[in-house]
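Subject: Structure handover and notes

Hello,

Please find the structure below, with the sequence. My notes on it follow.

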Amino acid sequence: MTSSSVEQAQRFAQDGQAERGAALLSEAGDRGDAVALAELAVWCMTGAHIPRDLIKARGLLRRAVTIGHVDAALMEIALTANGSGAVPDWPAALALLRTAARGDHVAANQLKLVEAMKLDHLGAPRTMPRPERLSEGCDLVRYPRLFSPEECMQVATVANDLLEPALVLDPATGRQISHPIRTSDGAVIGPTREDLVIRALNHRLAAISGTQVDQGEALAVLRYAPGQQYRPHLDSITGAQNQRIKTVLIYLNHGFQGGETIFSELGVTIVPQQGDAIVFTNVMANGSPDPASRHAGLPVIQGVKWLATRWIRARPLDVWKPPPS
């Protein structure tokens with residue numbers, strides 16, 4: 001639902017009068033317009049129209065939630081857990097989710113999934129499955145059934161309405177660009193969409209890779225239709241100041257034909273199985289890109305392949321800024 005104030009504010013922004021639009025949204029919010037408050041919060045978060053202010057955004061979301069804006073409630077939960085505009089607070093986020101779940105089926109489903117996980121007070125896993133070593137080269141291992149089928153479905157569901165033609169990182173500019181090397185549809189689950197299920201899964205991926213959760217780029221999801229593929233490539237970035245040191249791949253489904261992951265330098269071919277995670281190191285001991293980590297996703301022959309990827313950097317990064325090259 002879009003209020004008339006939001007529509008007018010968006011027109012002001014398009015006409016180069018963003019400050020006037022923000023003032024209009026603020027005035028509407030003072031009159032109790034929850035939609036206007038949520039829209040202004042988004043403006044504060046994205047920094048597209050006005051300077052980014054995550055602390056102010058959190059305050060605006062709280063006001064919108066108090067009035068009864070469901071989407072603002074889900075966004076507030078995500079930001080509380082990942083620490084956008086404040087210190088990460090898993091217990092507070094979980095309490096907010098329990099409140100939201102009383103009247104919203106989306107929140108209720110998220111709560112059910114989270115409560116089925118064995119988590120500590122920070123949302124990190126208490127136990128981990130044993131890895132299977134697939135190769136000594138580039139430290140390639142598999143964690144069978146790391147994600148449950150229900151968790152795989154949640155990741156795909158969150159990403160589904162965000163999908164668009166996938167991009168790759170241009171090492172020369174640091175920008176995301178289209179490229180024939182990757183012919184899939186992709187989505188990035190950014191901080192406002194990082195619900196508690198996704199947040200807990202990101203903690204799980206940090207645990208199996210031996211890294212901290214804030215070293216990971218936002219979880220990316222790829223969907224491959226018949227004929228689509230990801231040709232041989234390295235995930236490391238030549239000359240990067242904050243290198244992609246590890247990659248985690250999670251297969252969200254199986255039952256399709258084709259779509260195997262191959263490491264040609266290692267002679268390893270991996271047949272996707274739902275919930276399995278593959279972890280490998282992208283750099284050598286001296287920090288330079290490791291040629292042994294070159295891999296590819298073969299073309300899908302029949303059906304649709306869903307895959308989640310988390311690229312992990314050498315140091316923590318700010319998910320609100322474009323990943324540095």
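Helices (H or I, at least four residues) and strands (E, at least two) are DSSP runs, numbered from the N terminus. This is a predicted model, in which local features need pLDDT of at least 70 and side-chain atom pairs count only at pLDDT 80 or more, while totals for chains, interfaces and linings use all residues. Residues are numbered from 1 along each chain as its sequence is written, and side-chain values use heavy atoms, with hydrogens and water left out.

Helix H9 and His203

His203 lies in helix H9. With a relative accessible area of 14%, His203 is buried; the cut-offs are under 20% for buried and over 50% for exposed, with partly exposed in between (1.4 Å probe, protein chains only). Leaving aside residues up to four places away in sequence, His203 touches Leu122, Gly123, Ala124, Pro125 and Val213. Contact here means heavy atoms within 4.5 Å.

Two strands count as paired if DSSP finds at least two bridges between them. In general, strands of a sheet pair through backbone hydrogen bonds, either parallel or antiparallel.

Strand S9 (residues 244-251) pairs with strand S13 (residues 277-281) over 5 bridges in the antiparallel sense. Within this pair, Val248 has Val279 of S13 as its bridge partner, and Ile250 stands opposite Ala277. S9 also pairs with S16, again antiparallel, over 7 bridges. S9 is mostly covered, with 8 of its 8 residues buried.

S7 is mostly covered as well, with 5 of its 6 residues buried. S6 and S7 run antiparallel and are joined by 5 bridges; Ile189 has Leu219 of S7 as its bridge partner.

Thr247

Thr247 lies in strand S9 and stands opposite Trp311 in S16. Its relative accessibility is 0%, so Thr247 counts as buried. Apart from residues up to four places away in sequence, Thr247 touches Asp235, Ile278, Val279, Phe280, Asn282, Thr309, Arg310 and Trp311. The side chains of Thr247 and Asp235 are joined by a polar contact of 2.7 Å. A polar contact is a pair of N or O atoms within 3.5 Å; within protein, one must be able to donate a hydrogen and the other to accept it, and residues adjacent in sequence count only if both atoms are side-chain atoms. Between Thr247 and Ser236 there are 9.1 Å, C-alpha to C-alpha, and the two are 11 residues apart in sequence.

Helix H4

Helix H4 has 14 residues (54-67), which at 1.5 Å a residue should span 20 Å; its end C-alpha atoms are 20 Å apart, so the two values agree. The expected span is 1.5 Å times one less than the number of residues. Its buried residues are Leu54, Ala57, Arg58, Leu60, Leu61 and Ala64. They cover an arc of only 165° around the axis, which puts them on the same side of H4; the arc is that of the directions from the helix axis to the C-beta atoms. These buried residues pack against helix H3 (34-46) and helix H5 (70-82). The face turned away from the buried side carries the exposed residues Ile55 and Thr66.

At the start of H4, a side-chain oxygen of Asp53 comes to within 3.3 Å of the backbone nitrogen of Ile55. After H4 comes Gly68, with a positive phi near 125°.

Two loop residues

Asp139 is not a glycine, yet has a positive phi of about 50°. Asp139 sits in the loop between S1 and S2 and is partly exposed, at 31% relative accessible area. Arg145, also not a glycine, has a positive phi near 55°. Arg145 is in the loop between S2 and helix H8 (149-160) and is exposed, with a relative accessible area of 65%.

Regards
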